[in-house]
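Biologist: I would like to learn how to read a protein model step by step. Could we begin with what surrounds the ligand and then turn to how helices pack?

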Amino acid sequence: MARSKAMQLAGDPAALARYLFRKHIYRRLYVPLNNALREALAKPEAAVDATFGAIRARTRRRSDISDHLPLLYRETIARRPKLMVELGTRGGESTLVLLTAAKALDAPMVSVDIDDVGATVKQKEPDLTARWRFVQADDVGFAAQFPAWCAQHGLPDAIDLLFIDTSHLYQHTVEEIAAWFPRLAPSATVMFHDTAMGEYYRRADGTIGRGWDNDRGVIRAIEEALGVRIDEFSPFRGTARGWIVEHHPLCNGFTVLRRDAA
Ligand SMILES: C[S@@+](CC[C@H](N)C(=O)[O-])C[C@H]1O[C@@H](n2cnc3c(N)ncnc32)[C@H](O)[C@@H]1O
């Protein structure tokens with residue numbers, strides 16, 4: 001049958017070449033190569049699925065930050081940081097998401113909390129926390145020692161991914177921005193939680209949680225640092241002082257600042 005097909009095409013060398021290519025090269029070489037490639041890709045893809053599954057599972061816990069965990073993860077992966085710093089760890093909701101990204105990127109991460117919460121978080125996910133450094137300190141005080149501390153621990157001292165989620169108070173946030181922004185790399189992403197606080201907060205799925213009114217503490221400090229005005233209960237996108245600013249009002253508010261060196 002194949003022979004007769006080849007004979008039929010004998011008068012059309014281009015068609016014959018195409019036929020022979022498909023029959024011998026495509027089927028015998030490309031198909032097995034394609035199958036090998038599909039198999040090779042399946043394992044890393046399954047790992048990515050598992051990661052998204054784990055982050056979605058955290059989102060379903062409906063905490064005070066749960067709506068923002070996928071964004072926290074995506075922004076971190078997009079930045080491809082060489083050094084990640086988190087200010088404010090508590091039970092580790094954000095920490096474990098950031099550490100999931102740190103593992104995927106093989107990036108070091110440092111968390112700072114005034115309370116001794118490191119051991120509790122480590123117990124939750126020993127695999128993820130292997131590369132993590134937890135520092136129990138007041139974050140503003142620690143910022144002054146940070147370059148020397150990084151040198152001691154063999155870390156780069158420029159931060160390209162900073163997440164701030166601590167007291168939510170105005171004066172403290174002003175001090176955090178003053179202390180930590182000079183430690184940022186020229187291209188960096190900074191994320192703040194609790195930029196839209198009130199007695200109650202609403203999540204994207206319509207559920208609500210109990211909050212507290214911080215008198216616009218975090219968002220006001222950001223507004224002053226960037227010279228912008230943001231209605232914290234509405235979505236906002238804009239640029240200010242070299243930063244792209246993106247604000248999400250639900251679930252206590254989440255504000256992302258991104259800048260890229262020219
Ligand atoms: C809202 S919780 C952090 C929640 C955490 N990011 C999460 O997603 O689970 C705030 C944390 O900030 C810490 N904190 C408050 N003031 C601080 C300060 N001056 N320096 C460092 N950590 C501070 C508190 O101890 C607390 O654990």
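**Reading the ligand shell and a helix pair**

Modeller: Sorted by class, the residues of the shell around the ligand are 5 nonpolar, 7 polar and 7 charged. Please keep in mind that this is a predicted model.

Biologist: Which residues come nearest to the ligand?

Modeller: Among the 19 residues around the ligand, the nearest are G88, R90, E93, S94 and D139. Two elements, α4 (93-105) and β2 (109-113), each give two or more residues to this shell.

Biologist: Now to the helices: how should I describe two that pack together?

Modeller: In general, two packed helices are described by the angle between their axes and by the distance between those axes. Here, helix α7 (residues 170-180) and helix α8 (residues 217-226) have axes that come within 8 Å and cross at roughly 40 degrees. An angle of that kind is why α7 is called oblique to α8, and the crossing of the two helices is right-handed.

Biologist: Which residues of α7 and α8 meet?

Modeller: From α7, the residues Y170, T173, V174 and I177 meet G217, V218, R220, A221 and A225 of α8. Taken by class, the residues of this contact divide into 6 nonpolar, 2 polar and 1 charged.

Biologist: Finally, what does the domain assignment give for the protein?

Modeller: The assignment gives domain 1 (2-47) and domain 2 (62-259), and the centres of domain 1 and domain 2, taken over C-alpha atoms, are separated by 51 Å.

Terms used:
Residues numbered from 1 in each chain as written. Predicted model: local features only at pLDDT ≥ 70, side-chain atom pairs only at ≥ 80, totals over all residues. Near = placed C-beta within 6 Å. Helix = DSSP H or I, 4+ residues; strand = E, 2+ residues; numbered from the N terminus. Nonpolar A, V, L, I, M, F, W, Y, C, P; charged D, E, K, R; others polar. Axes fitted to C-alpha atoms, helices over the stretch in contact; angles between N-to-C directions. Parallel < 35°, antiparallel > 145°, perpendicular 65-115°, else oblique. Left-handed = near helix turned anticlockwise from the far one by under 90°. Contact = placed C-beta atoms within 7 Å. Domains from an automatic or database assignment.
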